Amino acid sequence: MPEGSVPKITEREARRVAEEAREQDWRKPSFAKELFLGRFRLDLIHPHPLPGAESVRVGEAFLARLREFCETGIDGRLIEREARIPDELVKGLQELGVFGMKIDTEYQGLGLSQLYYNRALALIGSASPAIGALVSAHQSIGVPQPLKLFGTAEQKQRFLPRCARTDISAFLLTEPDVGSDPARLATAAVPTDSGDGYLLDGVKLWTTNGVVADLLVVMARVPRSAGHRGGITAFVVEADSPGITVEHRNAFMGLRGLENGVTRFHQVLVPAANRIGEEGAGLRIALTTLNTGRLSLPAMCAGTGKWCLKIAREWTAAREQWGRPIAGHEAVAAKVSFIAATTFALEAVLDLSSQMADEDRNDIRIEAALAKLYGSEMGWRIADELVQIRGGRGYETADSLAARGERAVPAEQVLRDMRINRIFEGSTEIMHLLIAREAVDAHLKVAGELIEPDAGLRRKGRAAARAGVFYAGWLPGLATGAGQLPTSYREFHPSGHADLSVRLRFVERGSRRLARSTFYAMSRWQGRLETKQGFLGRIVDIGAELFAMSAACVRAELLRTGAGADPEQGRAAYRLADLFCRQAQLRVDELFDRLWRNTDDLDNRVAQEVLAGRYSWLEQGVIDPSGDGPWIADASPGPSQQPDVHRSVR
């Protein structure tokens, strides 16, 4: 296979690559894993974990400085209008320490906790989503996080101080013909004859921060050879290395200040000392980095929810129709209540997951993935509801509103900016599959070989014995539980407050029902379960709702009983948690019903008929303005034929 060409990969090989990149073991407890197994481990999240006093002191002091900077130094409308973040603004953020928020103090960073890092992102993202994306991509998936987890002491000393103060970093994985299936990665990293470096060749697409980056994390395939195990490998690459060309700065529906581009590598020499981890460990490094890195998106979604709630409250009180404020009309009131309740839940999920990450007592790979999935989906719905509440003004740009003398509310911009979150860092569809794989891990460990077509009779026999022992102990526990006892979780029903104990009993019953449904599906479809993506998506969505309900209840209790708690705020929090759980229960009941009553099989058949042209007559009567270009641009390796549009902010 020529270097840099897309390898031909079978479906089985692609699954093998993805499986090898997973963390195979569970060394710590996981609330979400247990939830999918039908075990509602409230003790893992309640009492709500809390930050230490020093963490709070440092975090709050930084947030105060950051808020002042955002209020006085960021002009979000200018960034939207010019589709660029001013260089002096980036330098101001660097001087404030924003680019080193997650970097330890020994490397000149601020050393913020995950909790306060996410609160900072929510604040920044509310001022300018483009800046939020810039800062998040730099720290959550760029050079700092993989080096923190997998870098050598020498690499940390060389690169982390630069990332904290002067340099911008980017993460380069996606290619023009390689998206969620990294097994097809084409960018090559060929070891030099001297053995002290690698030559990179290939093209990377959608390189967030790549247009202005000084340092790059690049995923490339090392060919297997004598002395080299090969495989997808991670490298830190200097962006000004000879042979690197940023060929294009991409423009998008939203996030108009995003410095996202197309980067070509041609015979780029990278020292072996810049390799992160071992050869072949690149995907595992990327996935592990995302365990906490994915929390940045729900942070900005929660921040957006807070802003939408503020605008919805102020606008529906000021706008009158038919003799009263529009908030007094039930159709609008339902939207306002949805925004309020869901924003409460998004913050609850975010803060709980963040604090669990800081404590490091639990494995949060599923919790972080659920937070990303739920935050992006529900955040988009919140933004859409705000546009609907604002009516024609919701569709009008902020500049147009200001030009005719009204408040410049950027509701339509928020809707455009939020849309990418359902695609960024794992689309909703990919998140469904990723979470579903983790949710059934316990089953595959004991019974996976029973449904593996290549497993011999001896292996299947051993698997059957393991499965018998596991299910003999597991299945009886799914029949009854605390959710059937009216006195369970009574501490969540204090006098004068909404009753959250009944909501938690629903979660406990739902958890067992979820586990039973998963087991039945595995028994029914066996190895074909992985193809039932509609079913798996609903299973994951049920788990996400149950997790969010749990987080909302635990947060309400924290706000009622925590240090310095305001009694009125505690009652209000209970009311919001109760409302959210009631709304979520309706969604959960519908999802359970749709596990078995759906149009999945018919959808698949009709989709294949569409591709075969059976319904092409339905496309007649319109004009396609798309043009005649290829669906996927040519990414053949070789020297660039385009001007370099890379620019450095330094």
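Q: Is D593 buried, exposed or partly exposed, and what is its relative accessible area?
A: D593 is partly exposed, at a relative accessible area of 34%. Keep in mind that this is a predicted model.

Q: What does the side chain of D593 meet in a salt bridge?
A: The side chain of R597, with 2.8 Å from N to O.

Q: And R597, buried or exposed?
A: R597 counts as exposed, because its relative accessibility is 59% and the cut-off for exposed is over 50%.

Q: Which helix covers residues 567–596?
A: That is helix α22, which has 30 residues. From its first C-alpha to its last, α22 reaches 44 Å, close to the 44 Å expected at 1.5 Å a residue.

Q: What caps the N-terminal end of α22?
A: D566 does. A side-chain oxygen of D566 lies 3.1 Å from the backbone nitrogen of E568.

Q: Back to salt bridges. How many does the structure hold?
A: It holds 54 salt bridges. One of them joins the side chains of R393 and E406, at 2.8 Å from N to O.

Q: Where do R393 and E406 sit in the chain?
A: R393 is in helix α14, residues 392–395. E406 is in the loop between α15 (398–403) and α16 (411–419). The two are 13 residues apart, and the pair links distant parts of the chain.

Q: Which residues are linked in a network of salt bridges?
A: E19, R22, D363, R365, R437, E438, D441 and K445 are linked that way.

Q: Changing topic: which residues form a nonpolar patch on the surface?
A: L602, V606, V610 and L611 form one. Together they have about 360 Å² of accessible area.

Q: Which helix is V610 found in?
A: V610 is found in helix α23, which runs over residues 600–611.

Q: How does V610 count, buried, exposed or partly exposed?
A: V610 counts as partly exposed, at 42% relative accessibility.

Notes:
Residues are numbered from 1 along each chain as its sequence is written. This is a predicted model: local features need pLDDT of at least 70, side-chain atom pairs count only at pLDDT 80 or more; totals for chains, interfaces and linings use all residues. Side-chain values use heavy atoms; hydrogens and water are left out. A salt bridge is a side-chain nitrogen of Lys or Arg within 4 Å of a carboxyl oxygen of Asp or Glu. Helices (H or I, at least four residues) and strands (E, at least two) are DSSP runs, numbered from the N terminus. Buried means under 20% relative accessible area, exposed over 50%, partly exposed in between (1.4 Å probe, protein chains only). Patches are made of residues with over 30% relative accessible area and no salt bridge: like charges are joined within 9 Å, nonpolar side chains (Val, Leu, Ile, Met, Phe, Trp, Tyr) within 5 Å. Accessible areas come from the Shrake-Rupley method with a 1.4 Å probe; for residues, only the protein chains shown count as cover. The expected span of a helix is 1.5 Å times one less than its number of residues. A polar contact is a pair of N or O atoms within 3.5 Å; within protein, one must be able to donate a hydrogen and the other to accept it, and residues adjacent in sequence count only if both atoms are side-chain atoms.
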